[in-house]
Amino acid sequence: MANYVDPPNGVWSRGKHYFSMWQTLFEIDTKYVPIKVIGRGAYGIVPSSINQETNETVAIKRINNVFDNRIDSLRTLWELKLLRHLRHENVIALKDVMVPSERRSFKDVYPVYKLMDTTCIDNQVFSWHFLMTIAVFSISGAEVSPLCKYPSPGSQS
């Protein structure tokens, strides 16, 4: 559950609101309303949220301290640049990247993705190499088989 909190420096940024989930502070655009945490990994925490402008449910990934490691910074940049242009049914869609309130001194990046079926997320292991393979096949026009081959237990097919 999201708990709304005051900004860390006590100064509110226009168009932003702050909340805490799993002891992690988020600074997101006010058009997004957080729902619950749906994932946690090496690069950050991912809550689901509702975009109030489109009424679409999305996933917001908080990549913290993005500039602390050069390789991780480049991977993040490559991922965002690639996903910005790639449209394929088997690749998660990048919907938005939130602009930080402090453009000269920000540390965290907040990409917004289409919310995927949790069956795919729970049952599959995704890597940068896999994403690149899908991208190459997609660009070349080759067929890529679906990632979620099996329905989850209890689902109707």
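Across space, phenylalanine 67 and lysine 107 are 6.7 Å apart, C-alpha to C-alpha, though 40 residues separate them in sequence.

Quick housekeeping. This is a predicted model, so local features need pLDDT of at least 70 and side-chain atom pairs count only at pLDDT 80 or more, while totals for chains, interfaces and linings use all residues. Residues are numbered from 1 along each chain as its sequence is written, and side-chain values use heavy atoms, with hydrogens and water left out.

Okay, the overall layout. The protein has 3 helices and 9 strands, and along the sequence they run β-β-β-β-β-β-β-α-β-β-α-α. Helices here are DSSP runs of H or I, at least four residues, and strands are runs of E, at least two, numbered from the N terminus. Of the 157 residues, 36% are buried. If you take contacts with a separation of 6 or more, 39% of them are between residues 24 or more positions apart. The accessible surface comes to about 10500 Å², and 52% of that belongs to carbon and sulfur atoms; that area is from the Shrake-Rupley method with a 1.4 Å probe, and for residues only the protein chains shown count as cover.

Now the inside. In soluble globular proteins, nonpolar side chains tend to be buried together. What I call a nonpolar core is a set of buried Ala, Val, Leu, Ile, Met, Phe, Trp, Tyr and Cys residues joined through side-chain atoms within 4.5 Å. The largest one here has 13 residues, and Phe26, Ile28, Tyr32, Ile60 and Met98 touch the most other members. The elements giving two or more residues to this core are β2 (16-21), β3 (24-29), β4 (32-41), β6 (56-60) and β9 (110-114). Apart from that core lies another, of 10 residues, including Ile63, Val66, Val109 and Tyr113.

Valine 97 is in β8 and is partly exposed, at 33% relative accessible area. Beyond four places in sequence, valine 97 touches Leu80, Val109, Tyr110 and Pro111. Its C-alpha is 5.8 Å from that of tyrosine 110, 13 residues away in sequence. Lysine 95 lies in β8 too, residues 94-98, and is partly exposed at 43%. With neighbours within four places set aside, lysine 95 is in contact with Glu56, Val112, Tyr113 and Lys114.

What about helix α1? Glutamate 79 is in that helix, and it counts as buried because its relative accessibility is 18%. From its C-alpha to that of leucine 94, 15 residues along, is 9.6 Å.

Two asparagines deserve a look in your viewer. Most residues other than glycine have a negative phi. Asparagine 55, though, has a positive phi, near 60°; it is in the loop between β5 (44-51) and β6 and is exposed at 62%. Asparagine 65 also has a positive phi, near 50°. That one is in the loop between β7 (62-63) and α1 (70-85), and is partly exposed at 34%.

Last stop, the second largest pocket. It is lined by 21 residues, with Pro8, Glu27, Ser101, Glu102 and Phe106 nearest its centre. The largest share of the lining, 3 residues, comes from β3. A pocket, on a 1 Å grid over the protein atoms alone, is an open set of points where a 1.4 Å probe fits, with protein on both sides within 12 Å along at least five of seven lines; lining residues have an atom within 4 Å of a point.

Key:
Buried means under 20% relative accessible area, exposed over 50%, partly exposed in between (1.4 Å probe, protein chains only). Contact means heavy atoms within 4.5 Å.
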